[in-house]
Amino acid sequence: MTASVDFDSVQILDVSRHFGRRRALSRISLTARAGEIVGLLGPNGAGKSTLLSILATLTTPSTGEVRYGDRRPRDLGASLRTCIGLLAHELFLYPELSARQNLAFFADLYGIDAGAAVPAALDRAGLGTRADDAVSEFSRGMRQRLALERALLHRPRLVLLDEPFTGLDDEAVHLVSARLRQLAADGAIVMVATHDLELAEGLATRVAFVRDGRLIADEPATPGLRARYRRAVGSA
Amino acid sequence: MRKAFAPLALITAVLFATAVLLIAQAPYESTMGLVQKIFYFHVPSWIGMYAAIFTCGAASVLVLANGSAVADRFAVAGAELAVLFGASGLVTGPLWARKAWGVWWTWEVRLVTALLLWLVFVAYLIVRRYGGPGSEKLAAAVALFGTAVAPFVYVSVNFWRTMHPLTTVVPTLPRTMGVPMAVSALAFLMLFYLLLMLRVGLAERQATLDELYLALED
Amino acid sequence: MFVRTTLLVLRKDFAIERRSLEIFVTTLFFAVACVLVFSFGLVKEGRAPTDVAAAILWIAIAFAGTLALGRTFERERYGETIRALLAAPAPRPALYVGKLLGVVFLLAVAEAILVPLIGVLFAAPFFAKPLAFVALLAAGTIGFATVGTLFAAMLMRTRSRDVLLPILLYPITIPVIICGVRGTAALLATPADEPMAIMWLGILVAMDTVFMTIALWTFETLMID
């Protein structure tokens, strides 16, 4: 078990996922590399969340596969998940526990030193003064910031974020964006699913347009994103 | 399967006709008269149910082990047939028991075991019907637990029953009754096989239809 | 890793419960209410039929247990934290065992209250053979909780989960109830029939082993879409 599970790219190879007669994803092929911030853009119901779920090994594809640095998840085993961080719409927080307790629990679960990591995470989330209040008392924005820190606590290689800017004010958006850029610069593979084009425009290095489960376009992020998006996807 | 269907159906029909003839000819049991002959359909109903349960249980293991779609079709077909044959047994049983023992129901070990197993597979169908997408695996888990617990049900109910013994016991059959019973049992098993294949075929066609729907969207 | 995960999950659940004691208090009160309902239903002219004490105990455990199972997993469903647990490098069966131990602990506390209550209400000598009785309670509770935890977990993402759980759970755990009731009744008889109770205990332990094996094998498959 000493072989490293770390990887520097993730390949989505012809992945499809259907639920009965409903096709959530249709033959998606995409590669993301370390240092990239991939914006997964598309309207609601396009399949972005399903794709992130598959990348986090929480859902299995109906056909196709995902490879982490050219290796199959089955070969990498459970320790693959030490390199993956997921933030979903539901936030993954226990409302009855305090911010500190939430972070400490997940730190312990991921096997990292809570004593060092948790205070730093609380600081970055700007929750230093409210650390011991129950999460149920937090505003949406506070929960969002905490949830983001929870997802990044173990410094994952693959960062999967589903609508991470929901409920954040401008300053927080600015901070989070800077954080994500720093992560990418440090070698993480960042995938951000969002329908907010302005944000994606400033943040992403590459964009993948998804609609009705299909990959419409996959290109480096250049100015004029919004116009191209409208054209590629049709007005939302 | 399609080619074999007609001859198999014919054989099944012949077996049933033979069984009915033999049953009509079989001697009357001393006290019960005509009603006793329900037995010739009652016991094979249970045989059919256990065959179906075994099918569903084995298929469910495969569904959980490797998500096999084929196994899933056999599992749902087996469960439906288990409920069907079990219902037949649960209806014919009390009709017979009323005449034989004077009561509609008794807590005899085989009845209770059969009832509980029947309930497990009714639950299986309920999960598949109301469980939403992904319920195939959940139902398979139910079938697996149900099949695994079956021997324990028998053992525990057996000991439970022997605390309060009743004098009613399923009689051993004299040979003149054995032949019609065997033919009837064979007929039921053939029917089970036929219905299983029909149901699996139906599920196959449904799967093909689903694939066409999906392909249409591509 | 396995044991550590199990203990972390358990400790986390205790921490959550400690804040409000919601599941504890409501489950205990429900169990007591069950006992009272059965008592008033069964007691006639101030006396209860024999063996009723054993039956009421196990039925109350089954009903209260079903309720507690639903609420325990509702906690993990609320913020979809179950997905966060599954996404962690923790071995997934360890998550199951952690949840199982929490449920067993909750039921043990409920039993600690139910047994004296029923003992008093029905003058039932539960502790005539204390070791056998406790072993019986433990084996039966674990059997029920093993199947219940698995089913409650796998039903978390299902629409009609509240009503589906009893439908699935009761047919399969009826043998557990039978063994528990008959074993307890054997111990309550005068004189206490310990060998009989041990026999029921044996069946229970065998069942628990089979259930636990299946549960550990199928948990991950059932939880991943």
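Author: Chain B contains six helices and zero strands, where helices are DSSP runs of H or I with at least four residues, strands are runs of E with at least two, and both are numbered from the N terminus. Read from the N terminus, its elements follow the order α-α-α-α-α-α. The model is a predicted one, in which local features need pLDDT of at least 70 and side-chain atom pairs count only at pLDDT 80 or more, while totals for chains, interfaces and linings use all residues. Residues are numbered from 1 along each chain as its sequence is written, and chains are lettered from A and ligands numbered from 1 in the order in which they are written.

Chain B has 218 residues, and 39% of them count as buried; a residue is buried if 20 or more other C-beta atoms, placed from the backbone, lie within 10 Å of its own, exposed if 12 or fewer do, and partly exposed in between. Among the contacts in chain B with a separation of 6 or more, 79% are between residues 24 or more positions apart. Two residues are in contact if their C-beta atoms, placed from the backbone, lie within 7 Å.

Chain B also touches chain C, through 27 residues of chain B and 24 residues of chain C. On the side of chain B that touches chain C, helix 4 (109-130) and helix 5 (135-162) each supply at least two residues. Helix 5 of chain B gives the largest share of that side, 16 residues. By class, that side of chain B has 20 nonpolar, six polar and one charged residues. Here Ala, Val, Leu, Ile, Met, Phe, Trp, Tyr, Cys and Pro count as nonpolar, Asp, Glu, Lys and Arg as charged, and the others, Gly among them, as polar.

In chain C, the peptide bond between C:Thr190 and C:Pro191 is cis, with omega about -5 degrees. C:Pro191 belongs to the loop between helix 7 (161-188) and helix 8 (194-223) of chain C. Another loop of chain C, between helix 1 (2-20) and helix 2 (22-42), holds C:Leu21. Phi of C:Leu21 is positive, near 55 degrees, in a residue other than glycine. C:Leu21 counts as exposed, because it has 10 C-beta neighbours inside 10 Å.

In chain A, A:Arg27 is a residue other than glycine with a positive phi, near 50 degrees. A:Arg27 is placed in strand 2 (residues 22-33) of chain A. A:Arg27 has 15 other C-beta atoms within 10 Å and is therefore partly exposed.
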